[in-house]
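This briefing goes with the sequence and structure shown below.

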Amino acid sequence: MNKFTKLISNNGDSTLQRRAQSVATSAEIAQQSLVNKLRLEKSNLELKIMNLTDLAPESKDSLRPCDAGWNANTWATELQRAKQDLYNVNIQLKIAEDTFNEYFKESDTNETQPTE
C-alpha cells in the first residue's frame, strides 16, 4: 500500500490525533510568542525607567544634575506613564505565563486527582 493510500485510509482516531497535534503546536507557539513579546516590552520599559531616573551629572566637573533641557513636569509625566505601563505589562505577562503553564506544560501522568 502506498503512502497516499495509507494516509486516506487512516481511521478517524489517527486523523483526529494529527489534527489535534497541529492545532496544539500552533496554539503553543502563539502563546509563547505572546509571552516573549510581553517580556521584551517589560524589559524595554525597565530600561526606559532606568534612563529616566539616571539624573547624575554627565561628567565629574559638571554641576548640572541633568541635561540643560530637562523639565521636571515632563520628567514626572514620562516616569509616571512608564511605571503605569510596566505595572500593566507585568499583569499581562503574569496572565500569559499562567495561561501557557496551564495549557501547554506537560503534566505528570501519575498525578493523583483530588477526590470529592
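In this predicted model, I91 has a relative accessible area of 38%. From I91 to L38 the C-alpha distance is 9.9 Å, although 53 residues separate the two in sequence.

**The chain as a whole**

- The chain contains three helices and zero strands, in the order α-α-α along the sequence.
- Of its 116 residues, 14% are buried.
- Among contacts with a separation of 6 or more, 75% join residues 24 or more positions apart.

**Salt bridges**

- Side chains of opposite charge can pair when their charged atoms come close.
- The whole structure holds two salt bridges.
- One of them joins the side chains of R39 and E97, with an N to O distance of 3.0 Å.
- This pair connects distant parts of the chain, since R39 sits in helix α2 (residues 12–52) and E97 in helix α3, 58 residues apart.
- R39 is partly exposed at 42% relative accessible area, and E97 is partly exposed at 24%.
- K94 and D98 also form a salt bridge, their closest N and O atoms lying 2.9 Å apart.
- Both K94 and D98 are in helix α3, four residues apart, or about one turn of the helix.
- K94 is partly exposed with a relative accessible area of 46%, and D98 is partly exposed at 36%.

Technical notes
Residues are numbered from 1 along each chain as its sequence is written. This is a predicted model: local features need pLDDT of at least 70, side-chain atom pairs count only at pLDDT 80 or more; totals for chains, interfaces and linings use all residues. Side-chain values use heavy atoms; hydrogens and water are left out. Buried means under 20% relative accessible area, exposed over 50%, partly exposed in between (1.4 Å probe, protein chains only). Helices (H or I, at least four residues) and strands (E, at least two) are DSSP runs, numbered from the N terminus. Contact means heavy atoms within 4.5 Å. A salt bridge is a side-chain nitrogen of Lys or Arg within 4 Å of a carboxyl oxygen of Asp or Glu.
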